[in-house]
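Subject: Structure handover

Hello,

Here is the structure I promised to pass on. Please open it next to this email and follow along.

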Amino acid sequence: MTSPATPLALARFNALGDEAALAVLHEVCAGTAWARLLLVARPYATPDDLYVAADAALAGLGADDLAEAMAGHPPIGRPEPGDPASTREQRGMADASDALRTEMLELNLAYQNRFGHVFLICATGLTGEQSRDALKDRLGNTPERERETARAELGRINRIRLARLLA
């Protein structure tokens, strides 16, 4: 239950109707199962309670639900037009050279062909070159290892987005 010590933004989130709360959660993560797990665990007393629940929900997603959650992210170097979150998160690619943009396009396609999903990395604070280098490194992963690496990166992205929600 929300207590007087609950931060105001978290109290507002706790008080939202289910439909509005689901919409807010879908702005954080495209995974429907993830959002529903967080929804039914409300109210949250502290931001840490929300973060722990978010991490647990993500860890429990099966392959199809994880794929749905990852599908909500555009490729690195091509933020979704009109989506301030992906634009902000991919800021490191904003000033990338044409050569780097072309290389990222080619690497993103190779990654998608190998793993069947978008390359997912918490790009906040990374340069375009750092994202490219991580993509190159991860192309050598096994599909199983890469799925878990992508899950971990999604968790980092979700935490950053939840923190913005509560700011």
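Below is what was found in it, starting with the whole chain and moving on to single residues.

One thing first: this is a predicted model.

**The whole chain**

What is the chain built from? It has 9 helices and 0 strands. Read from the N terminus, the order is α-α-α-α-α-α-α-α-α. The radius of gyration is 17 Å, close to the 15 Å that the globule rule gives for 167 residues, so the chain is as compact as a globular protein of that length. Along the principal axes, the C-alpha atoms fill a box of roughly 55 × 30 × 25 Å.

How much of the chain is buried? Buried residues are 43% of the 167. The accessible surface is about 8,600 Å². Carbon and sulfur atoms account for 55% of that surface.

Now look at the contacts between residues at least 6 apart in sequence. Of these, 67% join residues at least 24 apart.

Charges come next. There are 18 positive and 23 negative ones. Their mean positions are 2 Å apart.

**Helix α1**

Go to residues 8–15, which form α1. Which residues are buried here? They are A9, L10, A11, F13 and N14. Their cover includes α2, α4 (47–59) and α9 (143–166).

An α-helix has 3.6 residues a turn, so residues three or four places apart point the same way.

Is E19 buried or exposed? Exposed residues have over 50% relative accessible area. E19 has 71%, so E19 counts as exposed. A23 has 41% and is partly exposed.

E19 and E89 are 70 residues apart along the chain, and their C-alpha atoms are separated by 26 Å. A23 and A35 are 12 residues apart along the chain, with 8.8 Å between their C-alpha atoms.

Move on to G31. Where is it? G31 sits in the loop between α2 (18–28) and α3 (32–40). Its relative accessibility is 0%, so G31 counts as buried. Beyond residues up to four places away in sequence, G31 touches H26, E68 and A69.

**A cis peptide bond**

Most peptide bonds are trans. The one from R42 to P43 is cis, with omega near 0 degrees. P43 is in the loop between α3 and α4. Do find this one on screen.

**The cysteines**

How many disulfides are there? The count is 0. For C29, the nearest cysteine sulfur is that of C122, 13 Å away. A disulfide is a covalent bond between the sulfur atoms of two cysteines. The cut-off used is 2.5 Å.

Both residues are inside. C29 has a relative accessible area of 1%, so C29 is buried. C122 has 4% and is buried as well.

**N158 in α9**

N158 is in helix α9. Its relative accessibility is 2%, so N158 counts as buried. What does N158 touch? Leaving out residues up to four places away in sequence, its contacts are V28, C29, W34 and L58. N158 and C122 are 36 residues apart in sequence, and 9.2 Å apart in space from C-alpha to C-alpha.

**R132 in α8**

The last stop is R132. This residue is in helix α8 (residues 128–138). Is R132 buried or exposed? Buried means under 20% relative accessible area. R132 has 18%, so R132 counts as buried. Neighbours within four places aside, R132 is in contact with L100, E103, M104 and L107.

R132 also gives a distance back to G31. The two are 101 residues apart along the chain, and their C-alpha atoms are separated by 26 Å.

Best wishes

How values were computed
Residues numbered from 1 in each chain as written. Predicted model: local features only at pLDDT ≥ 70, side-chain atom pairs only at ≥ 80, totals over all residues. Heavy atoms only, no water. Helix = DSSP H or I, 4+ residues; strand = E, 2+ residues; numbered from the N terminus. Rg over C-alpha atoms; globule rule 2.2 N^0.38 Å. Buried < 20%, exposed > 50% of the residue type's maximum accessible area, 1.4 Å probe, protein only. Contact = heavy atoms within 4.5 Å. Areas by Shrake-Rupley, 256 points an atom, 1.4 Å probe, with all protein chains shown as cover. Lys, Arg positive; Asp, Glu negative; His and termini not counted. Charge placed at Lys NZ, Arg CZ, Asp CG, Glu CD.
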